Structure formats: C-alpha cells, structure tokens
There are 2 protein chains.
Amino acid sequence: MPVIRHIGVLATCAADGGQGDIHPITNGALAWADGRIAWAGRDEDLPSQYAEERPANLGMPTPLVIPGLIDCHTHLAFGGWRAHEFVERIQGRTYQEIAAAGGGIASTVAQTHAISSEALFDKCESFLGEMFSLGILTVECKSGYGLTLAEELRILRVYRDLAAAGGPRIVSTLLGAHTVPPEMRGRRDAYVDLVVDEMIPAVARERLATCCDVFVERGAFTVDEARRILRAAREAGLAAKVHADQLSDGGGAALAAEVHAISADHLEHTSDAGIEAMARAGVVAVSLPLATMYLGQTPMPARRFIAAGVPVAVATDFNPGSAPSYHLPLALTLACTMQRMTPAEALKGATIYAARAVGLEAEIGSLEPGKRAEFLVLDAPSVDHWLYNFRPNARTAIAAEDELHWGRD
Amino acid sequence: MPVIRHIGVLATCAADGGQGDIHPITNGALAWADGRIAWAGRDEDLPSQYAEERPANLGMPTPLVIPGLIDCHTHLAFGGWRAHEFVERIQGRTYQEIAAAGGGIASTVAQTHAISSEALFDKCESFLGEMFSLGILTVECKSGYGLTLAEELRILRVYRDLAAAGGPRIVSTLLGAHTVPPEMRGRRDAYVDLVVDEMIPAVARERLATCCDVFVERGAFTVDEARRILRAAREAGLAAKVHADQLSDGGGAALAAEVHAISADHLEHTSDAGIEAMARAGVVAVSLPLATMYLGQTPMPARRFIAAGVPVAVATDFNPGSAPSYHLPLALTLACTMQRMTPAEALKGATIYAARAVGLEAEIGSLEPGKRAEFLVLDAPSVDHWLYNFRPNARTAIAAEDELHWGRD
C-alpha cells in the first residue's frame with residue numbers, strides 16, 4: 001500500500017467547517033490502495049501497517065498535498081476559435097454587439113457543425129492532456145454548440161468517447177438550451193419543445209449526460225422557459241444547473257433554488273434575495289473569474305455568497321469566446337485577487353465544492369478514507385504560497401489509479 | 001546557415017510604424033548565422049544561398065515566430081517571500097498599511113540581508129530557468145533590497161555571476177533608492193548622500209549595473225531627491241529609470257522626461273502633462289499589469305500613452321510583494337484585457353520597446369538583419385491567438401546562440 005509521509009501541509013478539504021477550512025494537517029501522511037484513500041492524518045499517528053511501507057519518493061522537502069482539482073464548468077468541445085473577437089472587444093465592441101453581428105455563440109455553433117467528430121475528439125483530447133498536467137483530474141463538459149438534436153448528441157458522444165479513452169474524468173452536461181439557434185428565433189417555443197421533448201429524453205435514454213444546464217439571460221432563455229426545461233431534466237434523472245445573472249439580475253439564482261439545482265453559475269449580478277434562496281436550497285455558486293478577466297466585467301461578489309452560507313466553487317468557463325483558457329490555477333489566483341477569496345477558500349472551491357457542483361461529492365473532492373485516491377503533490381510551502389506565487393511550471397505529481405504521474409516540470 | 005521556412009506569421013517587430021505595427025510577414029522565412037539574423041522576409045523572396053540549407057524541423061505546420069521576450073522590469077533577487085501579505089490584502093489591509101506595520105519592502109530587506117549569496121544565486125537561477133522556458137531571453141534585474149552599500153553591491157554581484165553562468169541575458173539596475181531604510185528615516189539626506197556619493201561611484205567603478213532607478217512616491221523619494229540621484233547616475237554613465245506615479249501623480253513622469261530617462265515605470269496615475277513630457281523626451285512607458293492584478297488597483301492607462309505617441313512596454317515587476325509572478329506572457333494577456341492593448345501592441349511592448357527600455361535596442365527586440373538571433377517559435381496561428389488562448393504549456397522553441405531549445409511541452 002503506497003504512502004506519502006512527512007507532508008509539509010496535507011489539505012484534506014473535507015466539506016465541513018465552511019469555505020475557508022481546508023482542514024490542513026502539518027507533517028501529514030497519506031496512505032492509499034486500490035484507488036481509494038486508506039488513511040489521512042498526522043504522520044506521528046500513522047498506523048504501523050502503513051508506516052512499514054516504502055514511502056513514495058517525491059524529491060520535495062516539504063510537499064503540499066491537495067485533492068485533485070475539479071473544473072466544474074467548461075464548454076470543452078467546439079469548432080474553430082474566436083481570437084478576432086478578443087481583439088474587437090479590446091477595441092471597444094461589447095460581447096452583445098459582437099453577438100448581434102453574427103459572432104459569439106452562433107459563430108461557434110457554425111464552426112462546430114463543420115468539424116468532424118474525429119477532429120473534435122482530437123482537439124478535446126489535447127485540451128484534456130494539458131489540463132491533466134495542471135492537476136485537473138475531473139472536468140465538467142457541456143454541450144451547447146450543436147443546438148439541433150443530432151448535433152447536441154454528437155457532442156455528448158464525443159465526451160463519452162473521451163471518458164472511455166482515459167485522462168481526466170468527464171462529467172457531461174446537456175446544454176441544448178445555450179441559446180435559441182438563429183433559424184428558430186421566431187419560434188422560441190418550438191425550440192424549447194425540442195429540448196424538452198427530444199433532447200432530454202434521448203440523452204437520458206443513451207445515458208449521455210448526468211446534468212442539464214440552461215442559460216438564463218436576456219437574449220437566451222427566460223426563467224419560465226428554463227423552469228420547464230429543468231423540471232423535465234429532473235424528471236428524466238438529470239441534475240439541474242443554471243447559467244444565472246451573468247450580465248444582469250435575471251432571476252436565475254432564484255430559479256436554481258426553486259428547482260433544487262446542484263449549481264448556479266456566473267452570478268455576477270445576483271440579488272440578495274437570490275443569494276438567500278440559494279443558501280436555503282443548498283445550491284453551489286460557481287464563480288468564473290477567467291470570464292470576468294477576459295470580458296473586463298464586474299467580479300462575482302464571492303464574499304456576499306460566503307457570508308450567506310453559500311458554498312462557492314471556482315471554475316474556468318473554458319470556451320472560445322468569453323474564457324479561452326483552461327488554466328484553473330490561474331482562475332484560482334484571480335478568485336483571490338478579484339473576488340477577494342483567500343487561497344484556502346479558492347482551493348475548497350476547486351475541490352470539495354466543485355465535486356458537489358458536479359454531483360460527485362461522495363467520490364472525489366477531499367482526501368478522506370474511502371474516497372478516490374486522486375491528489376496532487378505540489379512543490380510549495382503552503383496553499384497561500386501556491387496561489388500567491390503564480391508559476392508557469394509548478395512541479396506537480398498527480399496520483400490517479402494508484403500511479404504517480406509527473407505534470408509539467 | 002540555419003533557416004526556418006514557411007513560417008505561418010513572422011512578426012519582426014521593427015521599431016517603426018507605431019505600437020500596433022509588428023510588421024507581420026505571412027509565409028515568412030528567417031535565416032541566421034553566428035548568433036545574428038542574416039535574413040528575414042517572405043519565403044518566396046528567400047535568396048538562394050539560404051534556400052539551399054536544410055530547414056530546421058519544428059514539427060509545427062504554421063509556426064508563429066516572434067523575437068525573444070524581454071522582461072524589462074524585475075526585482076529578481078530577494079530573500080524570503082511574503083505570501084501572508086497576499087492573504088492580508090485579500091482580507092482588506094492596504095499595501096500602505098502593511099508597509100507601515102513592518103511588512104512590505106522593509107520585510108524583504110531584512111530577509112535579503114539574512115540569505116547567503118550562494119542561496120540567493122540559486123534562487124535567482126531557478127527563476128531564470130523557468131523564465132527561459134517561457135521564452136524570456138533578457139531580464140532586467142534591480143537591486144534595492146539591500147539599502148546599504150555592501151548589500152546593494154552584494155546583490156548586483158549575484159546578478160553579475162548569474163550573467164556569467166548563462167541563461168537569459170541580465171541587465172542590472174542599481175535601485176539603492178528603493179526606500180529609505182528604517183534606521184535612516186530621520187536622516188533622509190544622509191541616505192541620498194550614500195546613494196550619490198558611494199553606491200553610484202562603486203557600481204560604476206565595478207561596472208555592476210548599466211542603469212539606475214529611483215522610486216518616486218510618497219513614503220519613498222521626492223522628485224528633488226530623485227533628480228539629484230539620477231543626475232549623478234547619468235554623470236557616472238548609468239542610464240536613468242524612474243518608478244513613477246504608481247499610487248498617486250507624484251511628478252515622476254515629468255522628472256523622467258527632464259533627466260532623459262530611458263524609461264518611466266508603473267504610471268497608473270500620470271497626468272496628461274507628464275505623458276506629454278515623456279512623449280517629447282522619448283521616454284518609454286513601462287506598464288506592469290501583474291502588479292495591477294495582484295493589488296487590485298487602477299490599470300495603467302496605456303491608450304492615453306499610445307495616443308500621445310509614447311511607446312508602451314509591458315513587464316512583470318516580479319517581486320515578492322506586489323507582483324509575485326514572473327509570467328510575462330500572462331502580463332501580456334492582462335495588458336490586453338486590463339489596459340486595452342491589442343495583442344500586437346502588447347507584443348511590441350515585450351520586444352522592441354522593452355529593448356529600448358533597457359538600452360539594448362540596437363542588439364535585440366526585433367528580427368532584423370544584424371541583430372541577435374534570439375527568437376521564439378510558437379505553436380499558434382497568430383499573435384492574436386497566442387495571447388487570447390492563455391495556455392499552460394504553449395509549445396515554444398527558443399533560438400539562442402545558434403541552437404534551438406525546447407521550452408515547456
């Protein structure tokens with residue numbers, strides 16, 4: 001049974017204790033077997049049956065050990081890119097203006113329709129490889145650049161094939177309700193019917209996703225449309241998620257609470273009433289600071305959510321428009337600088353609360369006996385230091401499937 | 001003579017044409033020999049003596065080639081770290097409050113006095129190795145955590161030894177006037193005398209630096225004190241630099257123009273009059289977006305400088321307090337999102353204008369015949385794409401001393 005001893009700081013990240021309590025253990029030890037954590041605690045308390053094992057040699061004097069990171073919000077599969085829109089926004093055009101001119105999501109939908117499934121698989125696999133090297137061991141992946149039954153299913157099947165190919169764990173989410181496709185702008189109800197009556201049943205039948213998400217915003221879907229979609233999703237056995245209040249307070253947070261969503265995401269403009277509703281319903285708030293950085297918008301008010309008792313997760317929002325980066329550690333440092341989350345709070349947001357936001361809290365997200373042995377060994381003296389000293393090449397050992405892999409070095 | 005052919009985009013970054021003109025050549029070719037660029041232009045125009053050479057095989061279908069990056073503002077050598085201040089700022093304390101309580105620069109000065117020259121060398125060498133892997137081939141390194149004659153010289157001698165050891169080119173800057181050391185707070189004039197009468201002559205005699213910098217700010221040095229120091233530096237053969245207007249408009253930019261400094265740095269709060277004075281005097285404006293990000297402050301108004309005809313450089317400001325990251329590509333992406341510079345403008349700010357800000361414009365910073373053959377080969381379709389899609393592991397080939405090295409991959 002492998003064991004790591006004399007861990008400088010072992011951050012177990014158990015859920016209790018609130019956003020800032022990562023349950024740090026100084027001079028810790030961690031033993032695991034058959035892919036599961038067997039024991040975690042103070043080295044001096046390590047039971048003798050583990051202590052006899054040869055310790056893993058990591059070449060770090062006082063390693064920091066944390067749970068494998070979880071990116072609980074990405075739009076991983078898309079055709080093309082939109083670098084020109086990045087330049088247009090710098091030159092003063094707004095995201096809404098670019099979308100109105102045929103850019104934005106509609107542009108990526110067209111490019112996604114044009115890419116073969118094989119090319120889409122290869123592109124995603126390359127992203128996932130770089131994410132793995134950053135210590136991201138679970139990735140939530142949304143569809144949403146298909147917007148027809150066949151294309152949404154095609155994207156989700158690419159995710160299914162990626163999951164079968166190894167690499168980071170994939171959690172698939174149907175986001176058929178990303179936007180109303182241009183050709184159906186005059187027939188919104190027919191598109192919502194398509195999502196409810198065809199996409200959700202097909203996805204559930206083929207077990208292509210475990211979650212269903214809706215973009216609630218001016219220009220996307222109304223609260224009433226989203227309610228109908230998410231109720232159908234819940235009845236089909238899918239967990240609900242909501243893109244809420246990114247550009248304005250559109251009632252998305254309150255809807256997430258009403259339908260018992262596992263997460264509401266973005267939340268830059270959520271009202272106090274929405275926050276209170278989320279707290280009562282136990283909905284995780286997913287903040288997306290890379291989108292804030294790329295769009296130059298108001299940061300998600302993480303402190304208000306934390307004060308209200310809402311667990312705050314941090315994810316990348318990786319997509320070719322508003323967040324063209326899958327660098328979750330950068331998102332965590334930005335959560336500190338822009339959202340005023342401490343490094344410990346940010347870490348909990350990318351581990352146990354991110355696990356809750358993808359419905360896998362019982363399996364991953366903390367280093368507790370019985371959970372998956374998925375953790376990172378970092379060459380940093382503390383969690384504070386790790387997110388303060390943003391480095392290109394932080395040396396990372398990644399435990400997955402009982403083997404230690406080296407990330408970038 | 002080595003040559004790279006069929007370069008997707010060859011951005012030569014010649015100085016003329018203004019901030020946004022990187023002189024891009026589509027389907028370019030680049031030939032070099034004996035460490036110098038021999039020819040750069042369109043592949044179809046490549047003279048036959050170069051065309052016969054076996055092209056370097058880079059494994060990229062359409063590589064992007066840019067000049068080696070130049071970080072023209074770092075405080076590389078310091079003892080200890082200050083991660084706890086990062087957390088204190090998140091919790092609401094200001095940089096000034098932390099400094100008043102014994103933190104800030106004074107804390108790092110004490111930790112720098114306590115570290116051996118050997119340990120300081122090793123620490124800097126590790127930073128420089130990671131910077132090199134990011135494509136940073138020249139690094140300006142300031143002293144300033146010594147604040148006594150012996151300690152300032154000790155830091156600069158570490159830089160001299162690092163320069164002799166290979167790795168990125170080092171440009172050393174005396175920053176004896178970083179702050180008045182605590183023990184001399186009541187004798188400011190005596191400290192300025194020490195800088196002028198002892199540090200500058202000793203540094204010039206031993207050729208330990210080519211530049212001299214002063215921190216002009218409330219709590220640091222006045223314009224009159226800085227004028228005296230920088231005039232003495234100029235007379236001793238050192239180029240002048242100024243930390244100007246970071247926290248308030250303190251007249252630093254105007255002083256930089258008056259003493260014909262090669263750069264004024266920070267400039268978050270410079271007045272229009274200061275900008276105009278810099279434009280007339282040809283002073284480079286060095287923006288430091290990582291410090292803006294870490295401190296959550298107002299971005300440097302790059303567009304106002306560019307509109308006035310001031311060349312804007314972009315650097316990291318790497319130091320253990322306000323900018324604990326040496327990730328220059330991240331600084332460039334932040335210059336785009338926070339300072340509204342286009343990727344092309346940001347690139348020019350980390351190449352030819354950065355070269356000007358360290359007094360090396362004749363040698364480096366652009367890919368023109370006769371200049372040093374220091375360039376990067378990036379796996380990106382365009383400069384826009386490179387800074388838009390912030391990646392952890394951008395595959396980079398680095399040319400230096402006639403050899404191609406691989407950076408992270």
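How do the axes of helix α7 and helix α8 of chain B cross, and within what distance do they come? In this predicted model, the axes of α7 (residues 188–206) and α8 (residues 223–235) of chain B come within 9 Å and cross at roughly 10 degrees. Angles under 35 degrees count as roughly parallel, so α7(B) runs roughly parallel to α8(B). On the α7(B) side, the contact is made by R188(B), D189(B), V192(B), D193(B), V195(B), V196(B), D197(B) and I200(B). From α8(B) come E225(B), R228(B), I229(B), A232(B) and A233(B). Sorted by class, this contact has seven nonpolar and six charged residues, with no polar ones.

Chain B also holds an open sheet. Eight strands build it, lined up as β5-β6-β7-β8-β9-β10-β11-β12, and their pairing is parallel. At the edges stand β5 (69–74) and β12 (312–314) of chain B; each has a single partner strand, so one side of each is left without a neighbour in the sheet. On average, neighbouring strands here are turned by 25 degrees against each other, ignoring direction.

Strand β7 (residues 169–177) and strand β8 (residues 211–216) of chain B pair in the parallel sense over three bridges. In this pairing, T173(B) sits opposite C211(B) of β8(B). A helix packs on the sheet as well: α6 (residues 149–164) of chain B touches β6 (136–142) and β7 of chain B. The direction of α6(B) makes about 175 degrees with that of β7(B).

Next comes the meeting of the two chains. Here 38 residues of chain B are in contact with 38 residues of chain A. Between them the chains bury about 3500 Å², with 65% of that area on carbon and sulfur atoms. Two salt bridges are counted between chain B and chain A. R391(B) forms a salt bridge with E130(A), where the closest N and O atoms are 2.6 Å apart.

Over all chains, a search of the whole structure turns up 46 salt bridges. In chain A, the side chains of R5(A) and D43(A) meet in a salt bridge, at 2.7 Å from N to O. This pair ties together distant parts of the chain, its residues being 38 apart. R5(A) belongs to strand β1 (residues 3–11) of chain A, while D43(A) lies in the loop between β3 (36–42) and α1 (48–51) of chain A.

Methods:
Residues numbered from 1 in each chain as written. Chains lettered and ligands numbered in written order. Predicted model: local features only at pLDDT ≥ 70, side-chain atom pairs only at ≥ 80, totals over all residues. Heavy atoms only, no water. Pairing = 2+ DSSP bridges. Helix = DSSP H or I, 4+ residues; strand = E, 2+ residues; numbered from the N terminus. Axes fitted to C-alpha atoms, helices over the stretch in contact; angles between N-to-C directions. Contact = heavy atoms within 4.5 Å. Parallel < 35°, antiparallel > 145°, perpendicular 65-115°, else oblique. Nonpolar A, V, L, I, M, F, W, Y, C, P; charged D, E, K, R; others polar. Buried area = accessible area lost by both parts, 1.4 Å probe. Salt bridge = Lys/Arg side-chain N within 4 Å of Asp/Glu carboxyl O.
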